[in-house]
Each structure stands twice: as structure tokens, then as C-alpha cells.
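Hi,

Here is the structure I promised to pass on. Have a look at it first, and my notes follow below.

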Amino acid sequence: MAAHTGGIVALSGCVAGELPRLLRSGDGERARQVAAFYRDLYGPERFYLELQDQGLEGQARINAGLVELGRELGLGLVATNDSHYLRREDARAHDILLCIQTLKAVNDPDRLRFPTPEFYLKTPEEMASLFAEAPAALRGTREVAERVSLEFEFGKPRLPQYRVPGEYDADSYLEKLCREGLARRYAGTGEAQQARLARELELIKRMGYSGYFLIVWDFVRFARERRIPVGPGRGSVAGSLVAYLLGITDIDPLRYNLLFDRFLNPERVDLPDFDIDFCFERRGEVIDYVVRQYGEDHVAQIITFGTLAARAALRDVGRALSLPYADVDRLAKAVPWAPGMTLNRAFETTPELGEMVAANPSLRPAVEIAQLLEGTPRHASVHAAGIVIARERLAEFVPLYRTAEGPVVTQFPMGTLQELGLLKTDFLGLRTLTVIDRAVAILARQGHALDIETVSLDDPEVYRLLADGETAGLFQLESSGMTDLLRRLRPRQFEDLVAALALFRPGPLGSGMIDDFIDRRHGRRSIEYLHSSLEPILAETYGVMVYQEQVMQVVSVMAGFSLAQADLLRRAVAKKNTQEMPHHREAFLRGAAARGAEPAVAERVFELIAHFAGYGFNKSHTAPYALIAYRTAYLKAHHPLAFLAALCTSVAGTTDKVAAYLDECRRMGIRVLLPCVNESEAEFTVAGESGIRFGLAAVKNVGSAAVDAILRERHAGGRFSSLWDFCDRVDGRLLGKRGLESLIKGGAFDSLKARRSQLMAVVETALEAGQQARRRRDDGQLALFQGGERDPGLPPVPEYPREVLLAQEKEMLGFYLSGHPLAEHERELRAAITATAAQLKELPDDHRATLGGMVAVRKQILTRAGEPMLFLTLEDLTGQVEVIVFPRLYARHASALRDDGIFIVQGKVSVNEDEVKLVAEDIRRLDQNGGDRSSGTTAVVVELQGAEGHPDLLERMKATCLLSPGPCPVYVRLPGAGKTIRADRRYWVDGSRELLAALEQVVGRGAVVTRLLPATWNHKEGA
């Protein structure tokens, strides 16, 4: 402490401080010694004794002792108030916040609480009244305040310096690198490239950002040289030709009409953002490089604060007040789910909320306190990607602290750092880059060299895959809503995929914009342009204004704005800035008139801009992400085994994800093989022409050290011939009994042609034999099976029943691989359900759904009224979901639910933050569902989105149906036309799994289901 007293004024602290505690305990002599120590350490003019008065027991005696110490030692006094909230009336809300933080209820007698409501920021008048008998303390408070001087300078960039070679400065070195990149990126440099580069460089130099670009180029170059995957771009930076030439981005801004002014606008003074995607697993290597380059005290990660959002505030306050969970949950769910939603806005826009509180007045205190607490920081954590780099020591600009986990972070959040002019860059870990890199590596090991960055963007197989809805595992494309959009859109070029990613957002989805776009794409609606100058700009999106860049170009071309000015107009319109809008509108109309546009046409164009600017998306962001999506689609279309193996490895720690991708493998006819000590690697790998082998590292209870030892020994000494041979060669201390049993139960020793029951019977013996063999080797003796010793063999015990084997696989691997208890019932399940466990997570709150599966876990509890209710974990072929069975329904089905079986559950989706559950409304066994078949007909239902524009689909469908004739009628749903057609009887089918799979290949994944249809099904028969 003595080494760091310079420039510091020290106060003695609140009642919990060292001096007050000594005085409270009656140890006045020790208190005098401590006060003298701090006086000598800081100097009598910089150490003050602190008086407080919150009405606490013993505080008056403490203050009297402090005044006496001050008199004896010649120390100044200050009057302060320990402030935990702003106003006295906030004490109640602060008390509830303490309960939330400590997970206690207000009526808990043992909880943490503040004894008085006096811990607020008191006024000068209140402090003068409290310390009327100690005017010296009040003077001391003013004195300390006047001595403290801390100034922040905002708006001035404080960029670190990149060390350039001696003969260059930052500007000339950046230009040199760009000229080299120009020759590398373009076979023949034309005037367009030269002019764009000159314009960008001029602006970058003028704004003093050359060093900024060089810093980013340097760490991206480091990543590429070490083969760490880097994304093609993210955000507005993709609009910069300089970034493309430096290799910071990998998508040509000229080819895709991306605008530099969307990234660097001289009309705005804020620093542009470089957000870079790196391989999820190796991102840390790039951060370490930056720390080495600029110094540990110049680089830090950034703090972020988790805050209480509207719904969470209601739930937390309700819990602290011990209100009934169901009442609070119902109220919280009624709050609209939207970015930035507050309780005030929710009550203004959702009358139902006010009605619920009026009907249940006990909820009112929770609402009032939650309104005070929402937005309050709940906890501090480290920003997932943000890194700040400073020219000087960061401590000169911002306070820092070291987290419990180790990293040093700023105490100011990202927005404040940007206001201070510090360089902030997001080093984002993108798992998909790791997947692509791993898939390419798998192909390389198979002798197939693939440069994924140079694959054609016009591959018909890729667009066929997308149009058929084969999107599972594809970056940004695998949600059911996006799958449906692609099936309707049927993209045929890369620009269509870029547009799809930009359109799949709440605004366009709710505005009818997507339907308009798709109808124009398929020629069902004519493409019109209000003015001839709009056609070159909007032709690629069929006359629909999809991108922010298009808004800027329309304003620039039609009204003569610079692109920088057009960007300001776009921002004002998108943010609905009512103060700036009239000014921009007038300037646009004036500029359009000067360029010869009719006033009525200019008015309509501005209305069009005002409408679409709120929905427009940044093309510079969506184009690079479309490129990543395309590359994943290319791998799935041409190299599905390598792609799905890499995909499963990337999500190995997330059971639901792996289950979904393993189900996709099965659907595509790809065999998923059990782990094998003689075949598996640590990760999922390709096995033969049509299989994927489970990785050893994904087996439970088997650590990385054990996996490394197994692979090392197998590569050095060849395949394992028996369990005894395995235990002789692999150190059992790394694996242990539990790990060895996990491998056996997971099927990893099945290649040895021994029963799992036999292997389990000798685990301990084999491990002990292996340890003895190692001890003999350490003593220079022969190994266990050398010199004539033989394998002891295995006991003749029968194999476990099949259901036990499957259960063991599920326990150790998290999945059923060699079979699934539901597999033989898959067709009946599909006929009875409307969603799978995996699909449930994409459905909105309160959506009705029907799921089917077997009960994996049962948990019965008693309600407050003493009634039993049940929590079920229902498992199907794609994963698990929790089902809530309330007392009344449970009473009707209690006996059936106690037994094993396959159940069909109908209910409502319940979304609570990241948790998705199903609240059951009806339950029946699958056999009961099957028993109802007399009341209806099993039929095949095919949904054709956008089929009106593709008559070839219907012809291919007819041909497929004719190959599998049978008694099941075929219904074709045409959502675009709002009708359902029953096919002519000659196209009825046998309903087999093979037929359903063949139809899916024609019309797209998820578009074909079997249904038990009642005889009263409304339909129109057709050809």
C-alpha cells in the first residue's frame, strides 16, 4: 500500500471499516494506533476520518470516538452517507433486490437485510441537519470533493500505433499492401477498382484510420498464416474494398454492390467497427497474439452487465414476494417478447396485462417494484468477443479489474469505451468456421483436396438442396421457418440466398414483404419500378427494396445525395426520427425535382423509402453470411459424410443437437456406427462409403488423456485383439474401471466379437492383469502375452437383453445408435404428431402441438393444495422435452402413466426464457390412437409451397406415386392458393417409409407426412 499512496485521498470507511470496528468493540488504544499508521502513511492532509449516521446501533458512539481521534491526531473529518439507492422511497425495491441476489424471500427471517431505510443519496440540507454538531465534517466533505480532479476527454480517437517498416508511414504502407492485394484479387484491374480504391484510401487517410486498418490486417494475417479459419466478413466492413484487398474480408464488394459509405461515413464521428469471425476453437490464439504485440497492460477484455429484463424482473420479484408461481408466470408471459421491451411499454400496448392485475390485486406490488428494478445490472461478466487495445497503458484511460477466472477486463462497458475513443474489436468465435475447416480436413485425409473458398457459387446441386428444404446443419438456414422460406423461394442464384437471409426477420415476416418478393420471383406478380432510375438498383431483388444499401443508392441516384448523406437519411428513417424526417424529406424532394423527377413520383418514392427503410437489412452483413451458408450447403450436397461428421463433433457436448444431426444422418441413409477402440478417433469420423463413426471423446466418463493413450497405443502397436490385450497396453490408471465399463456399454469393444456381458464380467480382473504386466515390464520382465502366455479368455455368460443393451448405449453415449425403441413405431408416430422434440424449440409460446414418444423420466410432486402432479421427460427420435401434467389431467391418466409405453401428448408450448416445455392438455397411449383408425383414413399429405410456379413438381410427384400404388389417399396442400386437393385414385399409394422418403426427395424435407384423417375431411378431388 505504501508504494501506491501518491495522488490518493483516503477515508476511514463505514461502520464495517477497521477503525469503526475497533471503536465499537471498545479498543480505543488500538484504534488510535491504526489511525496514526494511516496518518503517517498518507500524510495528515490526505487521511480523513469518516462520520456516518444511518441510525444504526452504536453509530453515535463510533462517531464520538472518531471526533476524539481527529482531535488527538490532528486529522480532518468528513461527513458521508453510505448510498445503495438514490431515494429514500427506493428502500423497499432495494430490499427486494437483495432477496433476488441472495435467492431468498422477504419473509425469510435469516436473510440479509439493511436495518434502516437511510442508505440513499441524501441532499445537502439533510446532511447539514444530521451533522449540525460537526460542522468541521461538512467542511471536510466539500474540501475533499474540491481536491478530487478527474477528467475524461470524449470523442477523440486514441488508436494504438502499428509499427510499419522504416521506409513507410502508416498511410504509404497501407497503400502498398492494397496495391499488392489489387493484383492478387483481380486478374485484370479496371477503372472501377482503381477509382474505388483511390476514394477509400483518401477517406481512410483523411480520417486518420490507416493504422487502424493495419492493426486489423496484422492479426487477421497472423490467423491466416497459421491456418486459423477466418470468416469472409461480418457487418458493414464487408463493403470496404480496402478490407477485401487486405484479406480482412473475403467477399468482393464490387461484385455484390456493397457500399463503403455504410462502413465509414465522414458525416459520422464514431469509429467504425471491425467485427471478425474466427474458428471457435482457436480464437484464443489470435487474442494471445494481440496481447504479445501490444503488451499485456495495453490490451484487455471488456466488461458486460447482465440486466433484469421485463419478464425476468416480474418473475424474480414475484419469487421474492412468495407470490403463486402460476399467477406470476401467466403475467410474465403476457409481456410481449420484443427487443428493448419494458413493463411501461408492455402495459401501454397490451391491455390484457392491466386486466390481469385488476383481477388479482396481489400482483400490483410485484409490478410496481419490477418497474423500478428492470434494467438494473444483475451481474457483471466478460463480453463474449470484445477486446480493447490502447496506445498507452489502459489504466491511464479506464479502471480495470481482474476477474475470478483470471482475465483482466475494463470496468467500463463497450459503449463508454467507444465514447472515449479507444479501439474496440470483436474477436468472435464462429463454430461453423470450425465445422467447415474440420470437414475439409477429413476430405484431405481421404485424399480429396478441396479449396472451399474457391468453389463455384453457381452449383445446381446446392440450389436443389436448398429448394428441397434439406437445411439441417446449414449455417443460418436450419430453422423450420427458414426451411419453409427456401422451399417457397426455390433459390437459383447466390443473390437469392443473400436476399433470403435478409428477409427472414420479424419485420419482413410480419409485413407481407416476403410473400411479395416470392411472388415476383416466380412471376405471379409483375415487377414494376416507380422511376426508371430504380431498375438497376432493385432488379436483383425483383423490385423490392430489401437492403439498406439499396435505400442509400435510391436516395443518391434519384435526389443527388452523396452516399454518406444518404446513409444519414436511411438511419433517420429507420429510427423513425420525427425531428429529422421533415428535413430529409424536403431535401429529397428538392433534389429529385432538380434531377427532373415528377413531384408525384418523388413523393411516392420517398413513401417507399420510408416504408422499406425500417425493414431493410445491411447487405454487407448478410452477403458474407450467405457465403458461409452456401459453403455448408456445398459440403452437405457433395460431401455429406465429412460434413455431418464435422458437424456432430462441433456439438458433441450438446445432446439435443447431436441427436438432431444423428437423426438427419439416419434420414439421409447414413449409418451412424458405434464407437470402436479399433476404428474410432477422438472425434466423429467418416467410416467407409456410407457411414460415420462415433468418436471416443464423446463417450461418457472417458477423459481426453485416456483417449490420447488409446489412440497412441493403437497407432504404435496395431489393433487390439482382446480386452486383455487392451488392458495390457493402455494404462488403466488413465481410464479406470468406470471409464472401461463406459466403453464396453457404449459398444466400443464390439469389434472384438465378444458379448458385452462377458466383457463386463472380467473388467476388474483385466485391469489388475494389465497393472501387473506393467509392473513386470518396469522390472524388465516379459509382457503379459509374450513368451508363451495366453489370453485367459472370457466366461460363457449370456448376452444382456436387447433393451438393456440399448439402455446402456443411451446411458454412455447419450443416444441410441444400434437401434431405437421407437424405430418400429416411427410411421405411427409421424401420423399422430404435429411436431418433434427438436421442432418444439422453434415454436412460439402458447402454440398448440402434439408430440409422441416414450417416457424417459417421471417426477411426481404435490401442489400447495396437496394434489399430485407430474413432470414427464418425453423422448422421441430427435430428443427430449419436459411435459407438465397438472393435477386434473394426471388424475385421469395416473395408472397409464405409471407404466412404460409410447404416449401421444397434446398441449401448449411454454417458453420461459431459454426453456421450452409442453403443458399437457390431453394424453393417450399410441395403441389407443391406433385403435381409432376406424373413424378415419390413413393418408399421405404433401404440402407444396410455391408449386403454382413449378408444374414439374406435380409431374415428378405423380411419377413417384405410381411406383408405390396402394390404398392410402394422397392429399396435396397448396398454401399459396389456399386449398387442398385430393389426388385421383390412380395416384394413391402404399404409405411405406420408402415411398415417403422418395416423395420428400421430390418436394422437400418435412413436406410429406402421414395423417389419420376423419371421413369428414374437407377436400377437393383433382387430377
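**The second largest pocket**

The second largest pocket comes to about 1,000 Å³ in volume. It is lined by 30 residues, and Y325, A326, D329, R330 and F886 are the closest to its centre. Keep in mind that this is a predicted model.

So what builds the lining? Helix α13 gives the largest share, with six residues. By residue type, the lining of this pocket splits into 16 nonpolar, 11 charged and three polar.

**A six-stranded sheet**

The other thing I looked at is an open sheet with mixed pairing, whose six strands run in the order β4-β9-β6-β5-β8-β7. The edges are taken by β4 (274-279) and β7 (400-402); each has a single partner strand, so one side of each has no neighbour in the sheet. On average, neighbouring strands here are turned by 45 degrees against each other, if you ignore direction.

Further in, β5 (residues 299-307) pairs with β8 (residues 408-410) in the parallel sense, over two bridges.

Cheers

Definitions and conventions. Residues are numbered from 1 along each chain as its sequence is written. This is a predicted model: local features need pLDDT of at least 70, side-chain atom pairs count only at pLDDT 80 or more; totals for chains, interfaces and linings use all residues. Side-chain values use heavy atoms; hydrogens and water are left out. On a 1 Å grid over the protein atoms alone, a cavity is a set of points where a 1.4 Å probe fits but cannot get out, and a pocket is an open set with protein on both sides within 12 Å along at least five of seven lines; lining residues have an atom within 4 Å of a point. Grid points are joined across faces, edges and corners, and a volume is the space filled by probe spheres set on the points. Helices (H or I, at least four residues) and strands (E, at least two) are DSSP runs, numbered from the N terminus. Ala, Val, Leu, Ile, Met, Phe, Trp, Tyr, Cys and Pro count as nonpolar, Asp, Glu, Lys and Arg as charged, and the others, Gly among them, as polar. Two strands pair if DSSP finds at least two bridges between them. Axes are lines fitted to C-alpha atoms, for helices over the stretch in contact, and angles run from 0 to 180 degrees between N-to-C directions.
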